[in-house]
Amino acid sequence: MRAAVLHEIGQEKLEVLDDVEAVGFGAGKVRVRVRATGLCHSDLSAMNGVLPQPAPFVPGHEGAGEILEVGDGVRHLKPGDRVVLCWLPACGGCPACRRGQTQLCLAGFMNAGTPNFRRPGGDLFGFAGTGTFAEEVVVDAGCAVPIPEDVPFDIAALIGCGVTTGLGAALNTADVAAGSSVAVIGCGGVGISAVQGARLKGAAEIVAVDPVASRRESALKFGATTAVSPEELADAKQRVTGGEGFDYVFEVVGRSATARTAYENTRRGGTLVVVGAGAMDDFLQLNMFELFFDEKRILPSMYGGGDVLRSYERTIALWRAGRVDLAGLITHRVPLAEINEALDQMRTGTALRTCIEI
C-alpha cells in the first residue's frame, strides 16, 4: 500500500512509497482504510523534532475511514463501519480516567513507541500511534470511534484533532463567560475552532491575532469581531479593553514567546489558555511577583480539555445544527501523492486545513 514516510527527523519532505505494510493486527485491533486525513501543525512539529517521535515514521493523526477487519474480542465495530481515528484513546482504568480526566490518559502515548508499519527496509512508526498518511492503518479498537452515516470523512477527520482541540479549549478548559473579551493568538485550524468556541459561548469581543492576512480574513468569517497582526495587538488591547487586558487569551502557536505575549495581554485575574504544543526545551519565564500579584489563571488544554468521545458527539451535534462551520475550515485539498504541497501550504500559512484525500 501507499504511505508518506519521513526517513529522518529534520527532513522537510515526505517520500510517498508503495511498499509499506500496516502491521500489528490481532486481538483487540482493527484495520482501517483511511479515506481522508487533515494536516495538523503537530505533524510538522514531529517532523522537525519539536515533538518527540521515533523515526522513520508515517505522519498524520487526524483521520477518518472505514473498518476493513476486526480482531478477536472487538464487539463494538464491524467491517464497513465508518470511524474517526482518535490518537488519544482512554483506557478507562488508569487514575486519570477514573478521575474523569480521560484526555490525560497515557495509554495512547504508549502506542507511539510500537512500530505499526513495515517496508522491506525495516519497521516504521505511526505518528502518535496512528499514522494516517497511509491507505491503511492498524490501531487499537479504542482508537476507532464510530461516526454517523451523514458525517463526511473529511469533516470527521477534522473532528479527530484540530476542531476538538480548539472548540474544547473554549468550551471545556476556559468555559468562556458570556459577554467577555477574548483574544486568540494563532489562527490556523485550531485557532479558528477556538474562535468558534468563544462565539458559541457568547463572548462579546473576539480578537483574532495572526501574521497572515488571509487567516485574519477567515477569522472574521468564523466569528471574530476584530482581526489584527501581532504588531497591532497592543492597539487592539487598548481599543477593546481600555488597556486592561482580555478576559481570556488563547495561545495556539506553541512557543514561549507567544505564550509570554498572551500572558501580558491577559487582564489581572483573567485566564490564559495554552493550546499550542511546544518543545520540551522552550521555557516560559514568569517572575514570582507577577505570578502572585496578577492572579492570572494559566490553563493548559490537552486535546480540548475534556472527554474526547463526548466532545466528538457534541461537535457533530453543533455541526448538524449549523452552529459551527467545519467544511469552511478545509481551504485546500490534495491527493496523497502531493502531500509535500500540503506541507508547504501549512508552513506558509496559506491553508487553515488541507485535506489529504487517500
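The side chains of Arg 31 and Glu 69 form a salt bridge in this predicted model, with N and O 3.3 Å apart. A salt bridge here is a side-chain nitrogen of Lys or Arg within 4 Å of a carboxyl oxygen of Asp or Glu. The pair links distant parts of the chain, since Arg 31 belongs to strand β4 (residues 29-38) and Glu 69 to strand β6 (residues 62-70), 38 residues apart. Strands (E, at least two residues) and helices (H or I, at least four) are DSSP runs, numbered from the N terminus. Arg 31 is buried, at a relative accessible area of 17%, whereas Glu 69 is partly exposed, at 35%. In these terms, buried means under 20% relative accessible area, exposed means over 50%, and partly exposed lies in between, with a 1.4 Å probe and protein chains only.

Residues are numbered from 1 along each chain as its sequence is written. The model is predicted, so that local features need pLDDT of at least 70 and side-chain atom pairs count only at pLDDT 80 or more, while totals for chains, interfaces and linings use all residues; side-chain values use heavy atoms, with hydrogens and water left out.

The structure holds 19 salt bridges in total. A further one joins Arg 333 and Glu 357, whose closest N and O atoms are 3.3 Å apart. Arg 333 lies in strand β18 (residues 330-335) and Glu 357 in strand β19 (residues 353-357), so this pair ties together parts that are 24 residues apart in sequence. Arg 333 is partly exposed, with a relative accessible area of 43%, and Glu 357 is partly exposed as well, with 39%.

A salt bridge is also found between the side chains of Arg 347 and Asp 344 (3.7 Å, N to O). These two residues are three apart in helix α12 (residues 339-348) and are therefore separated by about one helical turn. Arg 347 counts as partly exposed at 39% relative accessibility, and Asp 344 counts as partly exposed at 38%. Elsewhere, salt bridges that share partners join Arg 31, Glu 69 and Glu 136 into one network.

The protein chain contains twelve helices and 19 strands. For 358 residues, a compact globule would have a radius of gyration near 21 Å, and the value of 20 Å for the protein chain agrees with this. The radius is taken over C-alpha atoms, and the globule rule is 2.2 Å times the number of residues to the power 0.38. Along its principal axes, the C-alpha trace spans about 60 × 40 × 40 Å. Of the 358 residues, 55% count as buried.

Contacts (heavy atoms within 4.5 Å) were sorted by sequence separation. Among those between residues at least 6 apart in sequence, 69% join residues at least 24 apart. The accessible surface of the protein chain comes to about 14700 Å², and carbon and sulfur atoms account for 52% of this area. Accessible areas come from the Shrake-Rupley method with a 1.4 Å probe; for residues, only the protein chains shown count as cover. The chain has 33 positive and 42 negative side chains, and the centres of the two sets lie 5 Å apart. Lys and Arg count as positive and Asp and Glu as negative, without His and the chain ends; each charge is placed at NZ of Lys, CZ of Arg, CG of Asp or CD of Glu.

Several single residues were also examined. Gly 24 is placed in the loop between β3 (21-22) and β4 and counts as partly exposed at 46% relative accessibility. Leaving out residues up to four places away in sequence, Gly 24 touches Lys 29 and Val 138. Ser 311, in helix α11 (residues 308-320), is buried, with a relative accessible area of 3%. With the sequence neighbours up to four places away again left out, Ser 311 touches Thr 164 and Asn 172.

Ala 55 and Pro 56 are joined by a cis peptide bond, with omega about 0°; Pro 56 is in the loop between α1 (41-47) and β5 (57-58). Asp 175, a residue other than glycine, has a positive phi near 50°. Asp 175 is in the loop between α5 (162-174) and β12 (181-185) and is partly exposed, with a relative accessible area of 43%. Tyr 303 has a positive phi near 55° and lies in the loop between β17 (297-300) and α11. Tyr 303 is buried, with a relative accessible area of 2%.
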